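Colleague: I have a structure open on my screen and would like to talk it through before I plan anything around it. Could you take me through what the atoms show?

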Amino acid sequence: MLPQIFLLLAVAIVLLAAITAYAMMIVKENERQEKLKGRLQDTVAPSARPTSQADEDFSLVRTASHIEQMKQRAAGIIGVDLEQAETYPIKWWLVPFITAGVTWFLMFIASHPLGSHKLLWFFVKVFGTPVVWWMLTGFAFNWFTNRRNAKLVEQFPDALSTIVRCVRVGIPMGEALRTVAKDAMEPTKLEFTILADKVSIGVPLDVALRELGERVKLTEYQFFATAITLQARSGGGITQTLETLSEVIRKRVGLKARGYALTAEARTSAMILSVLPFVAGGAIFVMQRQYIMLLFTTSGGQSVLGAAILLMCIGMGIIQFMISNVLK
């Protein structure tokens with residue numbers, strides 16, 4: 001009974017540590033976004049004040065109802081951004097079902113090393129299943145968003161360069177945005193198409209740019225919107241500002257690429273460590289099948305196999321978390 005209690009406490013501590021680490025990561029990311037937003041507001045104030053209330057209130061974005069706001073908040077619990085749901089590679093409502101299947105598979109694996117301990121397995125099954133499902137679902141949507149944002153940032157300098165060239169030869173800003181929408185690659189093409197369409201039907205440029213920054217939620221796009229808005233309200237040349245912003249973004253993209261190069265050894269090691277057990281197991285299955293079959297035909301072997309798979313998943317997750325923090 002005493003070993004079961006210690007094992008239960010160990011599992012509870014591990015789950016609590018994982019939840020705490022994930023919550024701290026979310027809190028730090030929110031704090032970073034709030035600091036960036038505050039710095040941006042401090043930079044543009046007071047010049048960014050609207051010239052008239054009519055221009056400031058004019059927008060094609062309809063006001064969300066109370067029910068829609070509740071839906072957005074409920075979806076935000078699992079990491080879904082309903083405003084960007086159409087940009088996900090698959091239908092967003094399929095992701096919870098897929099992660100539920102993955103969670104069931106992980107619980108099935110965990111049942112072999114923990115099934116003999118009824119109290120511990122009850123605790124893990126009741127409390128661990130929703131936590132694992134929530135973490136997997138949030139990770140999936142976060143991966144979708146980060147992947148798209150990485151492409152947007154990587155393609156943004158070329159879009160800025162196109163705008164600069166168009167403005168220098170005398171093309172209006174609206175036509176310059178339309179040119180970017182025609183020539184750019186996805187997902188930049190979609191965002192600038194929406195922006196150009198709004199400007200072409202009469203939406204003020206500063207309002208359309210503000211909506212672009214709110215929709216994309218990237219600092220680079222917010223700086224772009226701020227620069228264009230200040231130029232439209234106070235006058236002056238915009239080409240030098242956009243060139244400087246483009247150069248800064250190119251340097252950031254290059255720095256991130258350098259970070260990927262520096263972490264190539266760690267990522268390769270993680271990949272080798274994840275593949276090596278399967279290669280070794282396949283080799284043993286071919287040469288000495290009776291040895292490897294003990295992991296599948298006996299209860300003790302199934303427990304060892306389940307524990308090994310769970311520990312390997314936890315280890316790969318920790319390595320990926322460390323590499324992602326370094327690249328940030």
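Modeller: What follows goes from the overall fold and its confidence to a few helix contacts, salt bridges and backbone details.

Colleague: Fine. What kind of model is it, and what pLDDT does the chain average?

Modeller: This is a predicted model, and the chain averages a pLDDT of 76, with 79% of the residues scoring at least 70.

Colleague: And where is confidence lowest, and where highest?

Modeller: The lowest confidence in the chain is in helix α2, residues 53-57, with a mean of 42, whereas helix α7, residues 188-200, has the highest, at 86. Over residues 45-62 the pLDDT is below 50, and this stretch has 24 contacts in the model beyond near neighbours in sequence. Where pLDDT is low, the predicted coordinates should not be read in detail.

Colleague: Understood. How many helices and how many strands does the chain have?

Modeller: The secondary structure comes to 14 helices and zero strands. Of the 328 residues of the chain, 27% count as buried.

Colleague: What share of the contacts comes from residues 24 or more positions apart?

Modeller: Counting contacts in the chain with a separation of 6 or more, residues 24 or more positions apart account for 67% of them.

Colleague: Let's go to α7, then. How do α5 and α7 cross?

Modeller: Their axes come within 9 Å and cross at roughly 60°, and α5 and α7 are therefore oblique to each other. On the α5 side the contact is made by R148, L152, Q155, F156, A159 and I163, which meet T188, L190, E191 and F192 in α7. By type, the residues of this contact divide into six nonpolar, two polar and two charged.

Colleague: Which salt bridge do E191 and R148 form, and are they buried or exposed?

Modeller: The side chains of E191 and R148 meet in a salt bridge, at 2.7 Å from N to O, and both residues are buried. The pair links distant parts of the chain, since E191 is in helix α7 and R148 in helix α5, 43 residues apart.

Colleague: What else does E191 form a salt bridge with?

Modeller: E191 also forms a salt bridge with R215, where the closest N and O atoms are 2.9 Å apart. E191 lies in helix α7 and R215 in helix α8, residues 205-216, so this pair ties together parts that are 24 residues apart in sequence. Both E191 and R215 are buried, and R148, E191 and R215 are linked in a network of salt bridges. Side chains of opposite charge can pair when their charged atoms come close.

Colleague: Which salt bridge does K198 make?

Modeller: The side chains of K198 and E211 meet in a salt bridge, 2.6 Å from N to O. K198 lies in helix α7 and E211 in helix α8, so the pair ties together parts that are 13 residues apart in sequence. Both K198 and E211 are buried.

Colleague: How many salt bridges does a search of the whole structure find?

Modeller: A search of the whole structure finds seven salt bridges, among them the pairs E191 with R148, E191 with R215 and K198 with E211.

Colleague: Back to Q155 for a moment. Is it buried or exposed, and what is Q155 in contact with?

Modeller: Q155 is found in helix α5, residues 118-168, and it counts as buried because its relative accessibility is 17%, the cut-off being under 20%. Leaving aside its neighbours within four places in sequence, Q155 is in contact with M185, E186, P187 and T188.

Colleague: What joins E186 and P187?

Modeller: A cis peptide bond joins E186 and P187, with omega at about 5°. P187 has its place in the loop between α6, residues 173-183, and α7.

Colleague: And what about the phi of K217?

Modeller: Phi of K217 is near 60°, which is a positive value in a residue other than glycine. K217 sits in the loop between α8 and α9, residues 219-234, and is partly exposed, with a relative accessible area of 44%.

Colleague: Last topic: at what angle do α10 and α11 pack?

Modeller: Helix α10, residues 239-262, and helix α11, residues 264-287, pack at an angle of about 50°, with their axes 4 Å apart, and that makes α10 oblique to α11. Here Y260, A261 and L262 in α10 meet A264, E265 and R267 in α11. The residues of this contact divide into four nonpolar, no polar and two charged.

Notes
Residues are numbered from 1 along each chain as its sequence is written. This is a predicted model: local features need pLDDT of at least 70, side-chain atom pairs count only at pLDDT 80 or more; totals for chains, interfaces and linings use all residues. Side-chain values use heavy atoms; hydrogens and water are left out. Axes are lines fitted to C-alpha atoms, for helices over the stretch in contact, and angles run from 0 to 180 degrees between N-to-C directions. Helices (H or I, at least four residues) and strands (E, at least two) are DSSP runs, numbered from the N terminus. Angles under 35 degrees count as roughly parallel, over 145 as roughly antiparallel, 65 to 115 as roughly perpendicular and the rest as oblique. Contact means heavy atoms within 4.5 Å. Ala, Val, Leu, Ile, Met, Phe, Trp, Tyr, Cys and Pro count as nonpolar, Asp, Glu, Lys and Arg as charged, and the others, Gly among them, as polar. pLDDT is the predictor's confidence in each residue, from 0 to 100. Buried means under 20% relative accessible area, exposed over 50%, partly exposed in between (1.4 Å probe, protein chains only). A salt bridge is a side-chain nitrogen of Lys or Arg within 4 Å of a carboxyl oxygen of Asp or Glu.
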